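Subject: Structure handover

Hello,

Here is the structure I promised to pass on. Please open it next to this email and follow along.

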Amino acid sequence: MFTLPLDALLILMVATPAVGWVAYKKGYRKVPGIYASASLLVAAYFLYGLYKEVVENSIVLIVGQLPFNPPLEACLEIDMLSVFMAFLYIIIGLFATAYSIKFMERDSGLTEYYTLMLGMIAGMTGIVFAGDFFTLFVFWELMCLTSYALVAFRKRKWEPIEAGFKYLIMSAAGSATILLSMSFLYGMTGTLNFAALANSLTNTTSEGWLYITLALVIVGFGVKAAIVPFHTWLPDAHSAAPSPISAMLSGVMVQTGAYALARVLLLVFGSMQPAWQMTLAVFAVLTMFGGNIMALLQNDLKRLLAFSTVAHMGYILFGFAIASQEGLTASLFHVINHAIMKTLLFLCAGAFIRQTKTRYLGKLRGISKTMPITSASFAIGTIAIAAFPPLNGFWSEMMIIAAGVRAEMIIFSILTLANMALSVVYYFRLIRIIILEKPTKVSERATKAPVSMLIPIAILAFLCIFIGVYPGPYIDASSKAAEAMLNIEVYIDAVLGGL
Amino acid sequence: MEIDRIRMAGLTAVILAALIFSMLILEYEFPVFKYAEPPTELVENETAIIGQEVSEFLWNFRVIDLIAQAFVLFAAAACCTALLRTEERKK
């Protein structure tokens, strides 16, 4: 139908309600969670096969109907970047799903929860596989729709409903903006295929309508990528959603917005690079400052982490704005690291909240005395995200700055460095509160998190250390993905070569 | 009456954006298919066959989108079921 990993995700998603129904009848409440985790393992296995196919056979793998007629026909165009991103979605999804089995055990509607979770991961995978702007948009809607319901999943409380509704309104406005930009592009070129669009617009620069379309693309994808000032949905949605969903939203979903933005800018608007490069760099710096300053003011653990995500989106966007092999490699490496670090932090936050029933930092003081493993993992994640060597965050953040300096974007690099220094203040505040301070009554009453929740946390903490000590393979993978992103001629040739 | 400054700023920004957008539309003529690579296959606008032509086009050229859209509809139904579910009573 599409490709094996995507087919597996979609078909297993559709089968989840049936599995859940049978499991509930038999009284096995954990089965949907185990089934969803197994589905992701199957998808990861198929994705590995696809990765080998991309490496061995072709730089860009095209999946479509035969005879292939790309300018009009919808197709999937899979390159190293697509595989790179899809691996990240499926692996982070696996951690979140495995963690959810225990975390969500007291909630109702678990069958729907796992169906939506698989749907969201399938949507994100479809986005990175899409070779056509409209196909991307259909999968974009799949991702958005499932994430609205997941944010508002705990519907008994007012907060998730309010956050979900706000997210729905803002994201729908963003989607409408993307749709408008697509209609303009189709009106000008008669196609929505990425390679054909890139081919048609190669030598165009001074077209007023293209600038309007460019602005619409940046705003549309910018909402999902949480670019300041379109970020206001994010802190509410991330703090109100169940913690595994916050981890997914923060760890990978916002990156999908950044991916789509970078892909469209580099492929379709390549000829207008000077125009969007500076705009994106300015937005990146605004996003860093907005995220970091707001994070400094937070007393709610999940809100603080959410604002930290906004700041990190700024770093990632700055790497994309540099638009060199080095800048893109650094950004993509930071995409991996941020996904791991932020998933770890949100999962730890979820464990604290589950055991104490509070998100307020004032009440979580000294919780390391009663939850030592979770607190130690949280401290590792915090130190890593604060870019302290030798943990993973250090390498990618330094690589972004180095790439900025080499591209002669000195002022932006200094501002990025200043933001990284600023963020250390609230990350160390977190460590002080969780580890060094005297326990409050709430902290003293907390019990250790269940082992099944600790396993994903411990693996992610280990990955922070492992990638920090041995970053080579991950930098190589990021470099290959960045190369695929920049090889626009190869991409066009692979799709339109025969025409 | 108290004026909400944030709301006023937002309203001003929206009006300004609408004005700029309108000015741009008046200033620049839309380049219809200016960058299109020939040949572009167009559907003939004859009411009798248009429905058949469109569905034929969709099945021949956009089948990936059609199938993906079916999954979007399934996900929409799952979202409704999730948000309209009856909560289980705690024992």
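Let us start with burial in chain A. Of its 499 residues, 62% count as buried. Please keep in mind that this is a predicted model.

**Chain A as a whole**

Chain A holds 20 helices and two strands. Its C-alpha atoms fill a box of roughly 70 × 60 × 40 Å, taken along the principal axes. How does the radius of gyration of chain A compare with that of a compact globule? For 499 residues, a compact globule would come out near 23 Å, and chain A has 22 Å, so the two agree.

Now look at which residues meet. Take the contacts in chain A between residues at least 6 apart in sequence. Of these, 81% join residues at least 24 apart.

**The core**

The largest nonpolar core has 211 residues. Which of them touch the most other members? They are Leu317(A) and Cys464(A). Helix α3 of chain A, residues 80-103, gives the most to this core, with 18 residues. Here is a general point to go with that. In soluble globular proteins, nonpolar side chains tend to be buried together.

Zoom in on Leu317(A). Leave out residues up to four places away in sequence. Leu317(A) then touches Ile227(A), Ala258(A), Leu280(A), Phe283(A), Ala284(A) and Thr287(A).

**Two helices side by side**

Next, find helix α1 (residues 4-26) and helix α4 (residues 110-129), both of chain A. They pack at an angle of about 170 degrees, and their axes are 9 Å apart. An angle over 145 degrees counts as roughly antiparallel. Therefore α1(A) is roughly antiparallel to α4(A).

Which residues make the contact? From α1(A) they include Leu6(A), Leu9(A), Met13(A), Gly20(A) and Trp21(A). From α4(A) they include Leu110(A), Tyr114(A), Leu118(A), Ala122(A) and Phe129(A). The residues of this contact divide into 14 nonpolar, seven polar and no charged.

Ile293(A) sits in helix α11 of chain A, residues 273-296. Ile293(A) and Ser423(A) are 130 residues apart in sequence. In space, their C-alpha atoms are 8.4 Å apart. Is Ile293(A) buried, exposed or partly exposed? It has 14 other C-beta atoms within 10 Å, so it is partly exposed.

**Backbone details in the loops**

Start with the loop between α8 (208-224) and α9 (233-240) of chain A, where Pro229(A) lies. A cis peptide bond joins Val228(A) and Pro229(A), with omega about 15 degrees. Ala226(A) is in the loop between α8 and α9 too. Ala226(A) has a positive phi of about 55 degrees, although it is not a glycine. Is Ala226(A) buried or exposed? Count the other C-beta atoms within 10 Å: there are 32, so Ala226(A) is buried. The cut-off for buried is 20 or more.

There is another cis peptide bond to find. It joins Pro389(A) and Pro390(A), with omega about 5 degrees. Pro390(A) lies in the loop between α14 (372-385) and α15 (392-406) of chain A.

Lys357(A) also has a positive phi, near 65 degrees, and is a residue other than glycine. Where is Lys357(A)? Look in the loop between α13 (325-356) and α14 of chain A. Lys357(A) has 11 other C-beta atoms within 10 Å, so it is exposed. The cut-off for exposed is 12 or fewer.

Chain B has three helices and zero strands. Along the sequence, the pattern reads α-α-α. Of the 91 residues in chain B, buried ones make up 13%.

How many residues of chain B are in contact with chain A? The count is 34, and they meet 48 residues of chain A. Two elements of chain B give two or more residues to this side: α1 (5-27) and α3 (63-83). The largest share, 16 residues, comes from α3(B). The side of chain B that touches chain A divides into 22 nonpolar, three polar and nine charged residues.

Best wishes

Technical notes: Residues numbered from 1 in each chain as written. Chains lettered and ligands numbered in written order. Predicted model: local features only at pLDDT ≥ 70, side-chain atom pairs only at ≥ 80, totals over all residues. Axes fitted to C-alpha atoms, helices over the stretch in contact; angles between N-to-C directions. Helix = DSSP H or I, 4+ residues; strand = E, 2+ residues; numbered from the N terminus. Parallel < 35°, antiparallel > 145°, perpendicular 65-115°, else oblique. Contact = placed C-beta atoms within 7 Å. Nonpolar A, V, L, I, M, F, W, Y, C, P; charged D, E, K, R; others polar. Rg over C-alpha atoms; globule rule 2.2 N^0.38 Å. Core = buried A, V, L, I, M, F, W, Y, C linked by C-beta atoms within 7 Å.
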